[in-house]
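Notebook open, structure loaded. I want to go through it piece by piece and jot down what I look up.

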Amino acid sequence: MESKIESKLPENLKGLAELAYNYWWTWSRTAMRLWEVVDKENWAEYKNPVKLLLETPKERLEELASDDDFLNLYELIMNRFNSYMTPESTWFSINYPKWDKPIVYLCMEYGISKSLPIYSGGLGILAGDHVKTASDLGLPFIAIGLLYKHGYFKQEIDRDGMQIEVFPEYKIEEMPLKPILKENGEPLLVEVPIEDRFVYARAFEVNVGRVKLYLLDTDVKENSKDDRTICDYLYNAELDKRIKQEILLGIGGMRLLKALNIKPGVIHLNEGHPAFANLQRIAWYMEEGLTFLQALSFVRSTTVFTTHTPVPAGHDRFPIKEVEKRLEKFLEGFDKEKFMELGREGDQFNMTLLSIRTSSHVNGVSKLHAEVSKKMWKDLWKGVPLDEIPIEGITNGVHTHTWLQKDLKRLFDRYIGKSWREYPNIQGIWYAVERIPNEELWKAHLKAKREFIEVLRRKIKQRNERLGIDEPLPDIDENALIIGFARRFATYKRATLILSDLERLKRIVDNPKRPVYIIFAGKAHPRDEAGKEFLRRVYEVSQMPEFRGKVIIIENYDMGSARLMVAGVDVWLNNPRRPLEASGTSGMKAGLNGVLNLSIYDGWWVEGYNGRNGWVIGEETTEPETEEDDIRDAQSLYDILENEVIPLYYENKEAWISMMKESIKSIAPRFSTHRMVKEYMTKFYTKAMEHGIWLVRDNFRWAREIAAWKKKVFKNWNNVTIERIITEDAKAVEVIVNLGNLAPEDVKVELYYGVKVRDYIIEKPHILELKRPEPLGNGRYKYRYDGNALRNIANPCWHYAVRVYPHHPKLPYKFLLGGLIRWRGLLG
């Protein structure tokens, strides 16, 4: 049956319907130009091709159907789109020809486009870029999320600078998504057990290039009035609704896959919100005949978990009784305590703990964040040295095609060649940025600044009209230095740091020969009163006579304005309190566009900064900061602006442009999601898939064997001891180990030695496995080593220990959870 759009389209423009319902256009600037030709004003306001086509009169479409220029553009776009959708090969098909199961990615929010308002900030934007890149690389990738009736919120700022949250009701029929229907044409409904009943969820399909994003929503007549509102708001503040949302995402997401007959090979939990998915998977495998431990072993081995939160308070925790209440029907027939234990943290149920305990592959979103996460969760691996805790660092990236300004794309095509489009993560390609003539790069940058200034003025004009404010719009010269600060107004991000010394700030912005503009944008969480106060303070300063038109705040920062802002300023300011920025991706987007980062040494900037592509505020260290460091960082910020940034911009444009080129060529490849997704493939997805295939063979034979082995280890570990260590003048070492009822093949015995830097910490330790045990009877074994490594141990600066821990050759990780490790030696 034809849709409303298809029925009104002329025959020679029928392809517009398919194009409108596929978000491929969001990373094709040429495709966006096509929509702009249809109706420039509508496109500028909504950036939604479905709404655009529904509201475009049939007469206008008939007119375009006979417009040769439009038809030529349409043909070009459709050819590109069809070639993209049906490629001869992809990176994935070439490198993984035998892969036959999908990778399923679950996240609470997705930042695909302004026209799909189901995102609030960095987590969602990252998820959207992950999905787009999976499409580019050809991964068999499926994403699952929720469809929110009111989205996050639209931000308005009143006359006093207070944030007003507006929750519009979006019309599903105007969004680029389609309901999933059964064969009889009725909507597919997924039954999700919540409390004592089933809640029904309808499902929608969103096409993002070659990837499908499925969204669940409970607003159907089969549900009670209250259950129909579960998906009203993203990150619902009500405890009841929040738990139900996460059950819907996790358990409902898995049940949707089953309804669609999709059998995942790998599950990727992006943050802890969807972790209930693994409870559903465990339950299903138990229904197939596995025990709880066998099912858990299989689920763990095939799950990837990415944590984005650098502070304990940021992780979702719910009273365990409240979780039990909402899982009542789901847990019928199961041992409730075993399931609850997976997330238990005292009397709370911790979604991050649930994720870690049901995942073999865990990562933070930058190298520094991985180290922070290891310290945060070290008690899960008691006795394991921090550097060996199995939390990887896979640094975030950005989808190059989405965030790169269109004029820079043309410059890159001309001077680099088009290879960057397919291989944005290859470092060598980007060295050719140096070929771009300085005047051409600067001309493209000034155009990006003009486009951003135009949008900024339009947003201010709209706000003034809404509030009845009669005042001139800021007159910003694109040749002036523009500093951008755009991010969530959380207090740790310190939006007001640059306002610490207003007299000094006045001298910086009020120099007619060297004008400086500071543009702020971002939302505070509706319940974050401190964050709202920061926003109000920024607005208050912006209204002071000495800062009016120089310090500017724009409301309702979204993906549309972000694309313009990350390319349309000169300096990207980022000053969180370290180490609270897990990664941060806005600076990557800015750096990709030649905008120079001025940032605290935190998150991704620890890896991105090279001394030639931006500046570091404060000290170049990874040591944590406190409020007491705010004054020092503010002074550093002012010093860098006054002594480095402003003089360089106004006195040495050639040197500034050289830094822009360095920013592009150093940041574009390393912080591309093409690099990031390939890293997930090689480090996690491939291993999880291979291990899952192995465990399921012969009716889960190996899953059963691994579970039996774990059960034996847990039962007997308390009897394992290192009885003695005997050294022979640094010529040999003998270790007597009592394994009780365990066998030597159940464990590894290792000599651990190196230079001690402080109590119990050996930097860059040497690890030597002791083999060929000699049985002594009654579970006792002697291990001996007499190799060259012992010469170092005689050095008084060196220290050593012996350790024993459970080992199985088929485990995808080195250490079991729970601190099953024994140490003895001279570490202390």
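Before anything else, my burial cut-offs: buried means under 20% relative accessible area, exposed means over 50%, and partly exposed is in between (1.4 Å probe, protein chains only). Ground rules: this is a predicted model, so local features need pLDDT of at least 70 and side-chain atom pairs count only at pLDDT 80 or more, while totals for chains, interfaces and linings use all residues. Residues are numbered from 1 along each chain as its sequence is written, and side-chain values use heavy atoms, with hydrogens and water left out.

**Entry 1: Thr 400.** I looked up Thr 400 and found it buried, at a relative accessible area of 1%. Thr 400 sits in helix H17 (residues 400-403); helices are DSSP runs of H or I with at least four residues, strands are runs of E with at least two, and both are numbered from the N terminus. What is Thr 400 in contact with, leaving aside its neighbours within four places in sequence? I get Trp 420, Pro 424, Leu 592 and Ser 672, where contact means heavy atoms within 4.5 Å.

**Entry 2: helix H11.** I checked the length of H11 (residues 276-287): at 1.5 Å a residue its twelve residues should span 16 Å, and the end C-alpha atoms are 17 Å apart, which agrees. The expected span is 1.5 Å times one less than the number of residues. Ten of the twelve residues of H11 are buried, so the helix is largely enclosed by the rest of the structure. Among the buried ones I noted Phe 276, Arg 281, Trp 284 and Tyr 285. Just after H11, Gly 289 takes a positive phi of about 115 degrees.

Entry 3: Three strands form an open sheet, ordered E11-E13-E12, with antiparallel pairing. E11 (317-319) and E12 (344-345) are the edge strands, each pairing on one side only. Two strands pair if DSSP finds at least two bridges between them; E11 and E13 (residues 348-350) have three, in the antiparallel sense. I found Pro 319 opposite Gln 348 in E13.

**Entry 4: the whole protein.** I count 30 helices and 29 strands. The radius of gyration is 29 Å, close to the 28 Å from the globule rule for 828 residues, so the protein is as compact as a globular protein of that length. That radius is taken over C-alpha atoms, and the rule is 2.2 Å times the number of residues to the power 0.38. The C-alpha trace spans about 90 × 70 × 50 Å along its principal axes. Of the 828 residues, 59% count as buried.
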